[in-house]
Amino acid sequence: MAMLTRRTLLKGALVAGAYVGGIGLAGRFGGLASAQAATTLVARPGEAMITDTGPTRGIMTYGDAEVPPILRMRRGEAFALRLDNRLDEPTTVHWHGLRIDNRMDGVPFLTQPYVYGGDGFDYAFTPPDAGTFWYHPHCNTLEQMGRGLAGVIVVEDPADPVFDAEIVLNLRDWRLGGDGQFIAQFKPRDAARAGTFGTVRTANWRQSPQYDAPAGGLVRLRLAATDVTRILTLQIEGAEAEVIALDGNPAATRFALDHLMIGPGQRLDIALRMPDTEGAVATLKDLRGTKPATLATFRAVGTSLKRAIGDLPALAANPLPEPDLSAATEIPFILSASAEERPKDGICGSLGYNFWAINRVPWADDSGDPTAPLAEMKAGKTYIFNVKNPTPQVHPLHLHGLAFRPMNSSKQAIRPHFSDTYLILPDEKVQLALVADNPGDWVFHCHIIEHQKTGMTSYVRVT
C-alpha cells in the first residue's frame, strides 16, 4: 500500500466532503445521510474538576461542558455532525457499535483522512439500530481517550418502552497523581500484561455520584464502559435490576445483573426498579479485584410509583440478519504475544512497542501502511470467526461496522444475542457468527487500548 501524504489526505477529505454534501451512495443501510450538519462537535483542550484537589489541567473533551455530551439519534433517521478539531494534534471520531457507511468509521489511513488541528470533518449517516453506543477518537487513541475524549450515544426507537427516568453513565478511570494532575498514561511492563490501570474512578467524570429517581419507578440505566483498560464485574445492591440489552442489542431473555463482567467498549441497558421508600439508596458496584468499588448510587424520591419490571414490554429487535450456519465459511484468528520490531512513529501516535498480535502479525500502527486484511469476505455471506486466546490476559475484542452472534465458547456460557464486542477469557476458544452485510475495511482489535496500540489490531474486508 502506498504511503499517504498530507496532500493525498487533504484530497481525500475533499472527496469525503463531497459525498457528505449529498452525492452519497445507495446501499444496505441507506447510504450516506443527506441531512445537513445541524450539530457541531468541538474537540478541545481544557480542565475539569475530577478530584477535590483543584482543576485537572490538560484534559481533552467534546463540546462546551466538562463531560462530553450525550449524542441522541433516532433509528432510521439521518444524522449529520461537523467535527471541529481545536486540539493541537490530529483526531477523528469513531462511532463505536454503529453499523454505518465505512467512510464514516473514523479510522485514519483506512477509512478517512485524519483531521488536523484547526480543520473539520463532516460525518453523516443513518443509524440502523437503536440502543446504547459511544464515540471516541481513533487517532493517538491512548492519550486522547485517556484525557477524556469519549462520549455516549443514545439511538432512540419510538417503540421503546416508557420508563419513569433515564440515567446515562460514562464509566471511566483517570491516570492522576495525588495533586490531581495527569501522570504517564501507560507503563510498558503493564501494557505487556493486563494494561495500565487508572488511579481515579468516575461515572460521568465524578467520583461515586448520586442520582435521584422516582421511588418505586422504573429507570432505564444506560452504562458505557469507556475506560482504556479496566474490566468490570457489575452488581446493583439495594434494588431489583435486570439487563435488557447488551452492546446495543436487546437481550433474548432478560436476566438479573449479578456479577456480570464487561470490558472496555461494552455497554449495558438495565431496567432498575427503584426502592419504594423515599431516601432509600441503590448502589452500582464493581466487584472485580480485592476491594469492591462504588461507581454510582441512586436515591429514591417521592411517593412510590409501584411499578414492576415484569410490566415492561420487550425492546424491539434491531434489523440484524441471522447467520446461515449451514453455509458458513470459517476463518481462524489467534491472539498472541509479539516481540517484533517496534512500529514507526505515526502521525496518530505510537507507544513505541509491539507486545501483541493477531494471527501472529502485529498491527503497523498509524504509519499509513497497514498490513493486508486478515480476511476478505463476500457481501451477504455468513462467516464464523474461530477465535483462540492462548494468552494469560482477558481481551475485549471489538469489530467495527458489523455485528456478530457469539457461539460455542470453551470457557463461558453464551447468551444468544448480537454484539460488536466480545470479552474473551484466557485460554478460551469461541466462535463468532456474522453476516458480512456492510462493505468496507473494518477494524478488528482489542479494546484495551495499550493492547490495540502495541499490535493486537487488524482489519477484515467486505466486498
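User: What joins β1 to β2?
Analyst: A hairpin does, running through 2 residues. This is a predicted model.

User: What makes β1 and β2 a pair?
Analyst: Two strands pair if there are at least two bridges between them. Strand β1 (residues 39-51) and strand β2 (residues 54-62) have 7 bridges. That meets the cut-off, so they count as a pair. The sense is antiparallel. Take G46 as an example: its bridge partner in β2 is I59.

User: How do you know that β4 and β6 pair?
Analyst: Apply the cut-off of at least two bridges. Strand β4 (residues 79-85) and β6 share 6 bridges, so they pair. They too run in the antiparallel sense. Here R82 stands opposite D122 in β6.

User: What is the strand order of the open sheet?
Analyst: The order is β2-β1-β4-β6, with 4 strands and mixed pairing.

User: Why is one side of β2 and of β6 left without a neighbour in the sheet?
Analyst: Both β2 and β6 (120-125) stand at the edges, and each has a single partner strand, so one side of each has no neighbour in the sheet. Neighbouring strands of this sheet are turned by 30 degrees against each other on average, direction ignored.

User: What makes a residue part of the lining of the largest pocket?
Analyst: A lining residue has an atom within 4 Å of a pocket point. For the largest pocket, 18 residues line it. L260, M261, Q266, Q412 and R415 lie nearest its centre. The volume of this pocket is about 340 Å³.

User: Which strands each supply at least two residues of that lining?
Analyst: β16 (258-262), β17 (267-273) and β26 (421-424) do. By class, the lining has 10 nonpolar, 5 polar and 3 charged residues.

Methods. Residues are numbered from 1 along each chain as its sequence is written. This is a predicted model: local features need pLDDT of at least 70, side-chain atom pairs count only at pLDDT 80 or more; totals for chains, interfaces and linings use all residues. Side-chain values use heavy atoms; hydrogens and water are left out. On a 1 Å grid over the protein atoms alone, a cavity is a set of points where a 1.4 Å probe fits but cannot get out, and a pocket is an open set with protein on both sides within 12 Å along at least five of seven lines; lining residues have an atom within 4 Å of a point. Grid points are joined across faces, edges and corners, and a volume is the space filled by probe spheres set on the points. Ala, Val, Leu, Ile, Met, Phe, Trp, Tyr, Cys and Pro count as nonpolar, Asp, Glu, Lys and Arg as charged, and the others, Gly among them, as polar. Axes are lines fitted to C-alpha atoms, for helices over the stretch in contact, and angles run from 0 to 180 degrees between N-to-C directions.
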